Amino acid sequence: MKGIDIPIQSQVDIFKDMWTGTDTKVYGRIFRNERDGNNVPEALDGNEYKEVLIDDTKDGICFFDVRPEREINGGSHTAVVDVYFAVNLSKLYPSVTERATEYMLNDILKHLQWLKPLRIVTGTESFATWDVKAEHNMQPFFLLRIETIVNYKITC
Amino acid sequence: MISNSKISSIAVDLVGWRQSNHPDAVVLDADTVKKDSGLEYDAASALCSAYNVQLVQDNPDITAEQFNDLLDEIVKGSFMSVLNKVFTDDDHLDTDLLYRHENTWDKGITNDTSFVGYEINIPKNMNVSAVINNVLLEFIGEQAVKVLVFNSAKDALVSSVEVTAKAKTVTEKALSQIMNAYEYFGGRWFVGYLRSGLTKEAADRDFEQSNLPSFCGGLLDIKPIKVAGWDAETMFDMNDIEYTSNTYGMNLEVSLYRDFTQMVLTNKNRFATSLQLQVAVDIVDLISNSMRSNKNERLSKSNALLELAGNKNNFRVPELVGLHDRLIAEIRKLRATYYPVGMKKHTLR
């Protein structure tokens, strides 16, 4: 593994640990592939691409989208990475009676160690790049994106 | 008329669902994958796979047992839908009251220990069914009566209904008893009541034409009977039946129908392709209206309408015969079998 995949995969492992015991899926770096004129986030699974948007058979999904432009600063690079979350709050926080969005945010920010958070965007606006519906952000479902920045080295 | 319970018993086994190899796919029961005709649903449309159904039906947490039941219910509903499309002509032959004419209340029939009522013979060719819609009781005083239905092919009671006959008033109660020749092969039907323990007398039909029966399409043979000394709610010995002219205060409203059930049961494989296509139509319709949200739902939904309707006019998309058109063609073939068109006559003007 090289470059930006190192911090991303390390963060993936932390999120998987955070969600141990739940039926969640954490994907690493996704690719923006065009399908029928639309941008679709897909993760590489072996030799096949797999679409990674909302999945109501899971308690939650998470994926990392590296923005196309990255800065080069000598031997290190800087990239903006959007970390997307689409979760079922009732499944992840069953004992919380109110809409558990802040519990979710608190857990994510506590475990975000390999990427520096810049901004939080919630609701359908957080998934504006992809095709989502209003009901994907209605209780018990919650959509969230955290804009982060990461510095990493490319070793040649 | 088609018997839903009889049809449902063969629907599930006629065409099969294929077990998906996907690790998250529900394991299908042996009955669900069974295919007496050799056909499978996803051969009609690749969208019509069991795994796809699992991901578009409305419960993300569905259990294996619930899912297998759901597939069975979809198939049963689709089969009735096919049969209702094939057998569209009016199947009603006749409805009539057994005794149409008015009666008086001045004569009663003394009670004793006996079973009284009617023997009903259905045509044995199995393509006609009768339904006792209502039983009407005429008693001099208020009397609770339990109306019993028997079939000579079965010792136990088939069904019953409790009626409280009002004094000197025709009291009607729904019975909705279907009588056919295939439920109990070769048996005769009996409807009536036990007279021991009754305190009020049934009204005698002895006024003008009050005891003149109608013939209900001419196909039914209904005779008033009495079985003396009978006091049990079980089938009596037919050797003890006495045919009588008394109606013992009981009248029946009966309907007669053409019954296609046995025709379907004995030719079930002829309906396999249409069932396969109807289920595919119903599943693709489910996909296009699914409220679920996952990869399979998204990918399937984008193709669902094209799969249903096909394409003949848009030259940018390959021509495709939709599921609807394929189903209609199959239904037409079945109708040509069961409703053949006679000789066509053409004249020149």
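## A strand residue in chain B

B:E162 sits in strand 6 of chain B, which covers residues 154-165. B:L148 is 14 residues from B:E162 in sequence, and their C-alpha atoms are 8.9 Å apart in space.

## Confidence in the model

Please keep in mind that this is a predicted model. For chain B the mean pLDDT is 90, with 96% of its residues at 70 or more. For the complex, the predictor gives an ipTM of 0.74 and a pTM of 0.80.

## A buried glutamine in chain B

Another residue worth a visit is B:Q54, which belongs to helix 3 of chain B, residues 50-56. B:Q54 counts as buried because its relative accessibility is 13%, and the cut-off for buried is under 20%. Setting aside neighbours within four places in sequence, the residues in contact with B:Q54 are B:D24, B:A25, B:V26, B:F67 and B:R292.

## The sheet of chain A

Now over to chain A, where 5 strands make up an open sheet with mixed pairing, in the order 1-5-6-8-7. Its edges are strand 1 (24-29) and strand 7 (116-122) of chain A, each of which pairs on one side only. On average, neighbouring strands of this sheet are turned by 15° against each other, direction ignored.

We can walk across the sheet from strand 1 of chain A, which runs parallel to strand 5 (residues 60-73) of chain A and is joined to it by 4 bridges. Here A:K25 has A:I61 of strand 5 of chain A opposite it.

Two helices of chain A come into the picture here. Helix 1 of chain A (residues 5-18) lies across strand 1, strand 5, strand 6 (76-88) and strand 8 (141-153) of chain A, and runs at about 170° to strand 1 of chain A. Helix 3 of chain A (residues 101-111) packs on the sheet as well, where it touches strand 6, strand 7 and strand 8 of chain A. The direction of helix 3 of chain A makes about 15° with that of strand 8 of chain A.

## Where the chains meet

Finally, how many residues of chain B are in contact with chain A? There are 11, and they are in contact with 11 residues of chain A. Between them the two chains bury an area of about 850 Å², with carbon and sulfur atoms giving 37% of it. B:S293, B:K295 and B:R298 account for 54% of the area that chain B buries against chain A, more than any other three residues.

The chains are also linked by 3 salt bridges. One of the residues named above returns here: B:R298 forms a salt bridge with A:E51, in which the closest N and O atoms are 2.7 Å apart.

Terms used. Residues are numbered from 1 along each chain as its sequence is written. Chains are lettered from A and ligands numbered from 1 in the order in which they are written. This is a predicted model: local features need pLDDT of at least 70, side-chain atom pairs count only at pLDDT 80 or more; totals for chains, interfaces and linings use all residues. Side-chain values use heavy atoms; hydrogens and water are left out. Buried means under 20% relative accessible area, exposed over 50%, partly exposed in between (1.4 Å probe, protein chains only). Contact means heavy atoms within 4.5 Å. pLDDT is the predictor's confidence in each residue, from 0 to 100. Two strands pair if DSSP finds at least two bridges between them. Axes are lines fitted to C-alpha atoms, for helices over the stretch in contact, and angles run from 0 to 180 degrees between N-to-C directions. Buried area is the accessible area (1.4 Å probe) that two parts lose on being put together, summed over both. A salt bridge is a side-chain nitrogen of Lys or Arg within 4 Å of a carboxyl oxygen of Asp or Glu.
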